[in-house]
Amino acid sequence: MAGETGTTMKLRDMATTIRSKNAGVDHVTFDIIFREPRYYEAAKRSEALTPQRIAELYRIPVEDVVSFVAFDPAQAIKFTIRRRRPAGSPGEPDTFGSQMYPPLFGIEIAVDDAD
Amino acid sequence: MSTQRQMRLMSPTGHLGFTPIERGSFEIGLRHEPDAIVADSGSCDIGPYPLGSDQPHSPREWQMHDIELIVRGARELGIPAIIGSASDTGTDRGVDDYVAMVREVVERERLGPVRVAAIYSEIDRELLRGLIRDGVEIAGLNGRPPLDEATLDRTDRIVGVMGAEPIIDALDAGAEIIITGRASDSAIFAAPALRAGYPKALAYCLGKLLECASFCAEPYMGKETVIGTITDEELILEPMHPGQRCTPASVAGHAMYERIDPFTETVSAGSLDLRGIRYEAIDERRTRVTGPRFIDAPRPTIKLEGAGKVGERALAIMGIRDPITLSYLDEVIAFARRKVEERFGPPGQPGGYELFYHVFGRNGVMGYLEPTPEVVGHEVGVVVEAVAPTRVMADEIAALGSRNMFYARLPVVKGTAGGASFFSDEVLAARPGYQWTVAHVLPVDDPRELFRTRLLTVGG
């Protein structure tokens, strides 16, 4: 795999912005924004950043990752997950959805040295 | 270029009243000759309680602070001011509160007479019930099923989200200050531009980019003023805070904020398509935006937001320091839950109670989404949350659910005088629990349907 021949980096050292926030009352959306084009491209093609891997990380069914897109105008990867209950319901954590992103920091992305 | 017509909209805050507008960049903005001041005051982020219970989420003093700045600024320059989603939720009470504040400022500072429009957007539950019985399908958003009568029964208050149309009508009627009920953020900005005949795509796109004021600029700052300029071909974004810049990256980054789909923004009249959008730096502080498209809906829609009460709510706060107790934390919680069940039966029954343990220091922030729900520190804080049909019952469940952590019976106990520490041995009365019950879309013949406008003159 790429990781054996190239270098890997942690997402927190590649992206300039990693954030989460409610998108409507039923979802939390995550934005990972890159300044370096080569880091953005590496993240886009990475197998460590896919709906399946996000579902595993957050321990939710993959169907609850309702959207996963690359947004070129902002050099960003954006995905959205469905909450178990609407935001702000009794028992539901993090009303604004604004502290759901830290688990993304440690994701290892293969970065091709030749880039 | 210099002969090309343009309109300049000033956006001083992303949520009027949430925290006060910063005066410095607001004053600079006024000196940049804006054609209107536009501010959104609403958000669903604050949870379902303010809508369901019809309470403001922000202190009245801060709402007044922001309204005073905007009304005074708009009157000095002789330009219209539009404030959307009054008092966080856009209920009729919120619109009336804001109109009263406008009146207070205008009368106190002798800024009148001023023509004010109040546009109401609360929707009667029974009207929707009638539509459902007539066979109208009110489709659910986010995978929710269509709206049914049982859901309406669980709902205390509903608002419809207006597009630009009722606001354009109010401007046509000569309104100088417009206070709206719940409105699409982008529509309150689009309204004056659409009325002046600017292209729909650019008008709504300008609203989308300006709705959170300085969030479209960098570095990150809240409550600072930004001015957006629309022409027949392009948009130009410029921050008023001297330390901020609107860069292609900051503007593009904001375009996808708080949305599932970064390419589409849906409003009453149709949807904005951002696939072909281009962001270019004009200089270090200004960014030009071109290329959005607008697709008219075959039939207009009105998004509905509704919230209903789940029950009375009580909290207890405690901490655990004993490493032995911490290693048995799940058993401790299970013991306390059993003691509650012995008295009240299992949770989650119709008309019954619910009991939640938020364990900070393990997964209190992310709950069931926490990838590593383990205790790694030397202590945890536990918030016990009880929801029940009556306050007495909620209080009792919170007390039982917390005190029995103190009395938890474990295989190994060294501290036999209490297995938990109370921050204060009391049950705290919390606001009642509410839930977002309605997130649906109603098809309509005319986007003005269901909204009611009242025109009045204040300070005459």
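**Entry 1**

I began with Glu68(B) and Arg108(B), whose side chains form a salt bridge with N and O 3.7 Å apart; the term asks for a side-chain nitrogen of Lys or Arg within 4 Å of a carboxyl oxygen of Asp or Glu. Glu68(B) sits in helix α3 (residues 60-77) of chain B and Arg108(B) in helix α4 (residues 92-108) of chain B, so the bridge ties together parts 40 residues apart in sequence. Helices here are DSSP runs of H or I with at least four residues, strands are runs of E with at least two, and both are numbered from the N terminus.

Buried or exposed, I wondered about Glu68(B)? Glu68(B) is buried at 16% relative accessible area, while Arg108(B) is partly exposed at 45%. Buried means under 20%, exposed over 50%, and partly exposed in between, with a 1.4 Å probe and protein chains only. I also noted that Glu68(B) and Arg108(B) belong to a salt-bridge network with Arg60(B), Arg72(B), Glu104(B) and Glu109(B).

**Entry 1: ground rules**

The model is predicted, so I kept in mind that local features need pLDDT of at least 70 and side-chain atom pairs pLDDT 80 or more, while totals for chains, interfaces and linings use all residues. Residues count from 1 along each chain as its sequence is written, chains are lettered from A and ligands numbered from 1 in the order written, and side-chain values use heavy atoms, without hydrogens and water.

How many salt bridges does the structure hold over all chains? I found 54.

One of them joins Arg144(B) to Asp26(A), with the closest N and O atoms 2.7 Å apart. This pair crosses between chains, from the loop between β5 (139-140) and α6 (149-153) of chain B to the loop between β2 (17-23) and β3 (27-33) of chain A. Arg144(B) is buried at 14% relative accessibility, and Asp26(A) is buried at 4%.

Glu265(B) and Lys208(B) make another salt bridge, 3.7 Å from N to O. Glu265(B) is in strand β10 (residues 264-267) and Lys208(B) in helix α9 (residues 200-210) of chain B, 57 residues apart. Both ends count as buried: Glu265(B) at 8% and Lys208(B) at 2%.

**Entry 2: domains of chain B**

Chain B divides into domain 1 (7-121 + 162-300 + 444-458) and domain 2 (310-437); the bounds come from an automatic or database domain assignment. Their centres, taken over C-alpha atoms, are 42 Å apart. The contact takes 8 residues from domain 1 and 5 residues from domain 2, where contact means heavy atoms within 4.5 Å.

**Entry 3: backbone checks**

Most residues other than glycine have a negative phi, and most peptide bonds are trans. I therefore listed some departures from that.

- The Gly112(B) to Pro113(B) peptide bond is cis, with omega near 0°, and Pro113(B) lies in the loop between α4 and β4 (114-120) of chain B.
- The Glu218(B) to Pro219(B) bond is cis too, with omega near -5°; Pro219(B) is in the loop between α9 and β8 (226-230) of chain B.
- Asp88(B), in strand β3 (residues 81-88) of chain B, has a positive phi near 80° and is buried at 0%.
- Ala213(B) has a positive phi near 50° and is buried at 0%.
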